[in-house]
Amino acid sequence: MATESFPYSFTVNAARVIDKDEKIVVEPDAAGLKAIAATYDLDGISALKAEFTLKPYRKAGVRVVGPIFATIQQTCVVSLEPFESDVRLDVDRTFEPHSSKSRKVRDLNEDGEIEIDLESLDPPDVILDGVLDLGAVICEELALSLDPFPRKPGVEFEGSPEQEDEAEEEPEEKPSPFAALQALKNKNDD
């Protein structure tokens, strides 16, 4: 997340979360909503609100927890009609300052192969220069949740008339390979 650029930014000083939780509400303005919608190929975003709680994490880290609510407009890939949908995302991410010390590779077993535990939590993201970008968190979470082929509720794909005709035609019955073997056996018995 640290090296990418996002269409919306809302930065906070990560050092201000020391020993108590802090609640932050993030609501992009109209220009921010337009930029996010354009970046992620949405027809529009009429509402977007994040209600984050920043919690201390380990020594100098921050844990970001809370829901993101959005109302987005997309175009249905089947009917090409615009439609609106409500999205709720529950965020639970951790961030730590970048360390100059190299970390031990814990994922390698004694054979040098990588072992990944699917039940473990994701490693923390990096806080750069003491700044945490909550706008980037919102953009990233929203982008990951979007359906690449949005479909309006209740719309189903219907094939072309040619495809329906082909489906209705009964396939020719092929003889069973066992029937052919039985015929050979009967011929040899005669």
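Okay, let's start with Tyr40, which sits in the loop between helix 1 and strand 3. Before I go on, keep in mind that this is a predicted model. So what does Tyr40 touch, once we leave aside its neighbours within four places in sequence? The list is Phe6, Pro7, Cys139, Ala143 and Leu146. There's also a distance to point out here: Tyr40 and Pro148 are 108 residues apart in sequence, yet their C-alpha atoms are 9.8 Å apart in space.

Now let's step back into helix 1 itself, residues 30-39. Which of its residues are buried? Those are Gly32, Leu33, Ile36 and Ala37. They cover an arc of only 130° around the axis, and that's why they end up on the same side of helix 1. Turn to the face pointing away from that buried side and you'll find the exposed residues Ala30, Ala31, Lys34 and Ala38. And what do the buried residues of helix 1 pack against? Strand 3, which is 44-57, and helix 2, which is 134-145.

Okay, on to charges. Side chains of opposite charge can pair when their charged atoms come close. In this model the count of salt bridges comes to eight, and I'll walk you through a few.

Take Glu51 and Lys49: they form a salt bridge, with the closest N and O atoms 3.4 Å apart. Are these two buried, exposed or something in between? Glu51 counts as partly exposed, at 32% relative accessibility, and Lys49 is partly exposed too, with a relative accessible area of 30%.

Next up, Glu81 and Lys152, whose side chains meet in a salt bridge at 3.5 Å, N to O. This pair links distant parts of the chain, 71 residues apart. Glu81 is in the loop between strand 4 (61-75) and strand 5 (82-97), while Lys152 is in the loop between helix 2 and helix 3, the latter being 161-168. As for how accessible they are, Glu81 is partly exposed at 37%, and Lys152 is partly exposed at 26%.

The last one I want to show you is Arg93 with Asp125, a salt bridge where the closest N and O atoms are 2.8 Å apart. Arg93 lies in strand 5 and Asp125 in strand 6, residues 125-127, so the pair ties together parts that are 32 residues apart in sequence. Buried or exposed, where does Arg93 fall? Arg93 is buried, because its relative accessible area is 12% and the cut-off for buried is under 20%. Asp125, at 23%, counts as partly exposed.

You'll find Glu141 in helix 2, and it's buried, with a relative accessible area of 17%. A polar contact of 3.0 Å joins the side chains of Glu141 and Arg93. What else is Glu141 in contact with, leaving aside neighbours within four places in sequence? Besides Arg93, the contacts are Ile68, Leu89 and Val91.

Key:
Residues are numbered from 1 along each chain as its sequence is written. This is a predicted model: local features need pLDDT of at least 70, side-chain atom pairs count only at pLDDT 80 or more; totals for chains, interfaces and linings use all residues. Side-chain values use heavy atoms; hydrogens and water are left out. Buried means under 20% relative accessible area, exposed over 50%, partly exposed in between (1.4 Å probe, protein chains only). Helices (H or I, at least four residues) and strands (E, at least two) are DSSP runs, numbered from the N terminus. The arc is that of the directions from the helix axis to the C-beta atoms. Contact means heavy atoms within 4.5 Å. A salt bridge is a side-chain nitrogen of Lys or Arg within 4 Å of a carboxyl oxygen of Asp or Glu. A polar contact is a pair of N or O atoms within 3.5 Å; within protein, one must be able to donate a hydrogen and the other to accept it, and residues adjacent in sequence count only if both atoms are side-chain atoms.
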